[in-house]
Amino acid sequence: MRKQFFTFGIAAFLMTLAFHFFFKISSIIPLVIAVLLVIGLMNSLQQRHAILRNFPVLGYFRYIFEGIAPEIQQYFIERTTDGKPFSRNERSLAYQRAKNIDATTPFGTQLDINQSNYEGIRHSVFPAKVNHELPRIVVGGPDCKQPYSASLLNISAMSFGSLSENAIIALNKGAQKGNFYHNTGEGGLTEFHLQGGDVTWQIGTGYFGCRTDEGNFDAEKFTEKSNLPSVKMIEIKLSQGAKPGHGGVLPASKNTEQIAKIRGVKPHTTILSPPSHTAFNNAEGLIKFVAQLRELSNGKPVGFKLCIGQTNEFELICQEMILQNCFPDFVTIDGAEGGTGAAPLEFSDGVGMPFEPALIFANKILIRLNIRDKIRVIGSGKIISGYSILRAIAMGADMCNSARGFMFSLGCIQALRCNTNNCPTGVATQDKMLMKGLVVTDKSERVFYYHKNTLHAANELLAAAGKSSYNEIDGSIFMRGDEFAHLADLYFPDNLTNVTKY
Ligand SMILES: Cc1cc2nc3c(=O)[nH]c(=O)nc-3n(C[C@H](O)[C@H](O)[C@H](O)COP(=O)(O)O)c2cc1C
């Protein structure tokens, strides 16, 4: 192709030049051809890109189309039930709820409900009355001095760094208005999280915000921040579903001077939080750390978040709680299908237990060890609608966190650019220009409405199932596929269907 390009290019250049001199035709065309020839020459000499060496100018189209492939897919190819990780239908639902506009759909379901993987709720012919109050649940086990009354739906961990300053402020203000909590993510507690909303402060392996110069846990800094009135709960991050066993990743492009200062790291470098904690390295140490944080925070609820991998390890941790007679106030179970700002594909696609079996497993172990009544279970894994909340509760969660649902409420369009600093909606970027597109006053209202309308939808489903309390929900209200098998029967062959909660 190179040969044809230069033969044709030089011929075209000479012809247009001749036309210019003899017939006084504009000099722009030979000039453009000359520029293309120079670019072509440079590309055919470079050694990094084979496509550009072989197709010195046409090769650029491949990069252009590759760059806009997600948009082409989303705008022209995707059907309403397609789209990954979230379908167009799911995204639209979140947008409509966030805008507080009609979120009904016309003409009936588009799902093929005769497939064996179809599942739905077994409604009652005697529906209960819909509760218009949004459900809450108290978190705080026997050792907690400052129990917290949490909403059933809250904002899952997403750091400042991963999300923009405006996004964090809008989330926090929305949380304040709707009286639910906002998890800081592992990037530390910043002024943008302290806009009046309740906060769960997450402590990751980087200990950002409570870190010594060597990068270890700093008890003094932790005590100071954890005792702030906005901090309602503390979450130790063991792992996250999208990259369990890897640790956080903040790409260099998003590590601005401001973020580096907050985290105490070097700006414009990729920040990899270590995969494991230095404050502990086994189950015994983890439970001691829970006790230490509870004491330093003056008895606030302390829990940990993990994506389950080796099931015996979770069992060991639970046995350690019994041994030390020290129970975390909550455990957050994250599914491997969870979201992230940036993760290696091997980790996103190939590590960790998905949400459903993980939640069922964790709940089962807690019941078996007779400690379920001391610990709240928080579920996070593609919670986006009232249906997914009910489903998580049926499988053993007491309450839920949503990350990407709230990102949609901020205007995220699933452009899949969180790791590039080019998020077009200003949600997951540190680019000040892009961030300006996200207007805090408008988006905080959307965060508020998304939470309110989603929980109201969950209340409606609860009533449709003939139940008046979330404590009455278990796997038996769900059916799956044409066998109409109960989820409970699928997952609990030993018929352990009833979940004892406190
Ligand atoms: C942009 C982004 C940043 C995240 N940052 C963190 C984090 O700092 N700490 C953490 O534990 N989880 C983090 N997560 C994971 C979420 O908190 C959540 O566990 C996961 O995405 C599953 O919830 P979802 O399906 O509602 O998104 C992040 C997720 C996203 C999308």
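**Thr-278**
I started at Thr-278, which lies in the loop between β9 (271-272) and α10 (283-296). My helices (H or I, at least four residues) and strands (E, at least two) are DSSP runs, numbered from the N terminus. The cut-offs I use: buried means 20 or more other C-beta atoms within 10 Å of the residue's own, exposed means 12 or fewer, partly exposed is in between, and the C-beta atoms are placed from the backbone. I also checked Thr-278 against Tyr-207: they are 71 residues apart in sequence and 9.5 Å apart in space, C-alpha to C-alpha.

**Ground rules**
I'm working on a predicted model, where local features need pLDDT of at least 70 and side-chain atom pairs count only at pLDDT 80 or more, while totals for chains, interfaces and linings use all residues. Residues are numbered from 1 along each chain as its sequence is written.

I get 38% helix and 14% strand over residues 151-467, with the end C-alpha atoms 19 Å apart.

**Around β13**
Next I went to strand β13 (residues 399-402), where Met-399 and Asn-401 point one way, Cys-400 and Ser-402 the other way, and all are buried. Which strands pair with β13? Strand β4 (residues 153-155) runs parallel to β13, joined by three bridges, and β12 (residues 376-380) pairs with β13 in the parallel sense over two bridges. I call strands paired if DSSP finds at least two bridges between them. Asn-154 stands opposite Asn-401, and Ile-378 stands opposite Met-399. From β12 the chain crosses through helix α14 (residues 386-394) to β13, and this β-α-β crossover is right-handed (clockwise from the first strand over the helix to the second, with the strands pointing away from the viewer).

**Core**
The largest nonpolar core has 101 residues, and Ile-389 and Cys-400 are among those that touch the most other members. A core here is a set of buried Ala, Val, Leu, Ile, Met, Phe, Trp, Tyr and Cys residues joined through C-beta atoms within 7 Å. Helix α17 (residues 440-464) gives the largest share of this core, nine residues. Leaving out residues up to four places away in sequence, I find Ile-389 touching Leu-152, Leu-153, Ile-383, Cys-400 and Ala-458; contact means C-beta atoms, placed from the backbone, within 7 Å.

Most residues other than glycine have a negative phi, and most peptide bonds are trans, so I went after exceptions. The Lys-84 to Pro-85 peptide bond is cis, omega near 0 degrees, and Pro-85 is in the loop between α5 (69-77) and α6 (88-99). Asn-179 has a positive phi near 60 degrees, in the loop between α7 (165-178) and β5 (181-183). Asn-370 has a positive phi near 65 degrees, in the loop between α13 (355-368) and β12. Asn-179 is partly exposed, because 16 other C-beta atoms lie within 10 Å; Asn-370 is exposed, because 10 do.

Conventions:
Contact = placed C-beta atoms within 7 Å.
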